[in-house]
Amino acid sequence: RSWYVVAWEDKRYGNNDIFAQRLASDGRKLWTNVRVNTDATGTEQLSPDVATDGVGRFTVVWVDYRNASTAPDIYASRRDTNMLEVTTNQRLSTEVPARQQKFPSIAADRMGNVAVVWSQLNGSYWDVLGRMIDVDGVTQDLDFSGSTSLDSNQIKPDVALDGAYRYVVWMANRETRTYDIYGSITRYNDRALSASPLAVSFFMHQG
C-alpha cells in the first residue's frame with residue numbers, strides 16, 4: 001500500500017471532534033485533514049480508531065456523546081481516498097434499551113469487510129460486542145459477542161481479520177479479579193470457490 005490514514009481527537013472547534021488525514025508512505029500529506037463526525041450538537045467525540053481496506057477506502061470508529069439518552073455510543077464512518085464520505089455517521093449498536101459503549105477498535109480485510117468491537121455495559125459488568133460491515137458498507141443485522149463471561153468486566157478489546165477468520169482479544173478480570181488477556185477466533189467468511197451451475201450438458205450432432 002502506498003498510503004495510510006491516521007485519526008485523532010481535535011479541539012479546534014471548542015469540543016473534541018474526530019479528524020483524519022491520509023498520508024503517503026513517505027509521510028507526505030495527501031489532501032487536507034477532515035472532520036469525520038458530522039453532528040452539529042457541540043458534544044464530545046473521543047477514542048478514535050481507523051482501518052484501511054483492500055479496495056481503497058478507510059473506516060473510522062469513535063466514542064460519541066451526541067445522543068443524550070444513550071451516550072456514550074460507538075459511531076463509524078467510511079471514506080474514500082479523496083477523503084469523501086462513502087457512508088454517513090452511523091451508530092453501530094441499536095440495542096433496546098440502549099446501553100453505554102466504550103473502547104472501540106476496528107480491523108478491515110483486503111476484500112473490504114470491516115469488524116468493529118467495543119465494550120458494552122450490561123448491568124454491572126462490561127462485555128465485548130462487535131459488528132461486521134460488508135464491502136458495500138451495509139452493517140450486519142446482529143451484534144456478535146466477543147466474550148462469554150457474564151460475571152466480570154471485559155474491557156479494551158482489539159480485533160483483526162484475515163479474510164476468513166476474526167480474531168478478538170480483550171482484558172478480563174474473571175477468576176482472580178486481576179486482569180488477564182482472553183481471546184476468541186470465529187469464522188466470518190468462506191473464501192472457497194463454488195461452481196454454479198454444478199454441471200453443464202450439451203448435445204453434439206453428427207457432422
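This is a predicted model: local features need pLDDT of at least 70, side-chain atom pairs count only at pLDDT 80 or more; totals for chains, interfaces and linings use all residues.
Student: How many bridges join strand 2 and strand 3?

Tutor: Strand 2, which covers residues 17-24, pairs with strand 3 in the antiparallel sense over 4 bridges. To find one of these places in the structure, look for Arg-22, whose bridge partner in strand 3 is Leu-30.

Student: Which side chain meets that of Asp-17 in a salt bridge?

Tutor: The side chain of Asp-17 meets that of Arg-35, with a distance of 3.6 Å from N to O. This pair links distant parts of the chain, since Asp-17 lies in strand 2 and Arg-35 lies in strand 3, 18 residues apart.

Student: Is Asp-17 buried or exposed, and why?

Tutor: Buried means under 20% relative accessible area, and Asp-17 counts as buried because its relative accessible area is 2%.

Student: Where in the chain do Arg-91 and Asp-73 lie?

Tutor: Arg-91 forms a salt bridge with Asp-73, and the closest N and O atoms are 3.2 Å apart. Arg-91 is in strand 7 (residues 85-91) and Asp-73 is in strand 6 (residues 73-80), so that this pair, 18 residues apart, links distant parts of the chain. Asp-73 is buried, with a relative accessible area of 0%, while Arg-91 is partly exposed at 24% relative accessibility.

Student: How many salt bridges does a search of the whole structure find?

Tutor: The search finds 8 salt bridges. Among them is the one between Asp-190 and Arg-187, whose closest N and O atoms are 3.6 Å apart. Here Asp-190 counts as exposed at 53% relative accessibility, and Arg-187 is partly exposed at 44%. Salt bridges can also share partners, and in this way Asp-39, Asp-64 and Arg-66 are joined into one network.

Student: What is the order of the strands in the open sheet of 4 strands?

Tutor: That sheet has the order 8-9-10-11, with antiparallel pairing. Its edge strands, each pairing on one side only, are strand 8 (101-108) and strand 11 (144-145). Strand 8 is joined by 6 bridges to strand 9, residues 114-122, and you can follow the pairing at Ile-106, whose bridge partner is Val-116, and at Ala-108, which stands opposite Val-114. These two strands form a hairpin with 5 residues between them, and in its turn Gly-112 has a positive phi of about 100 degrees.

Student: How many bridges join strand 9 to strand 10?

Tutor: There are 9 bridges between strand 9 and strand 10 (residues 125-133), which run antiparallel, and Asn-122 stands opposite Tyr-125 in strand 10. In this hairpin, with 2 residues between the strands, Gly-123 takes a positive phi near 70 degrees.

Student: Why is strand 9 described as largely enclosed by the rest of the structure?

Tutor: Strand 9 is described in this way because 7 of its 9 residues are buried.

Key
Residues are numbered from 1 along each chain as its sequence is written. Side-chain values use heavy atoms; hydrogens and water are left out. Two strands pair if DSSP finds at least two bridges between them. Buried means under 20% relative accessible area, exposed over 50%, partly exposed in between (1.4 Å probe, protein chains only). A salt bridge is a side-chain nitrogen of Lys or Arg within 4 Å of a carboxyl oxygen of Asp or Glu.
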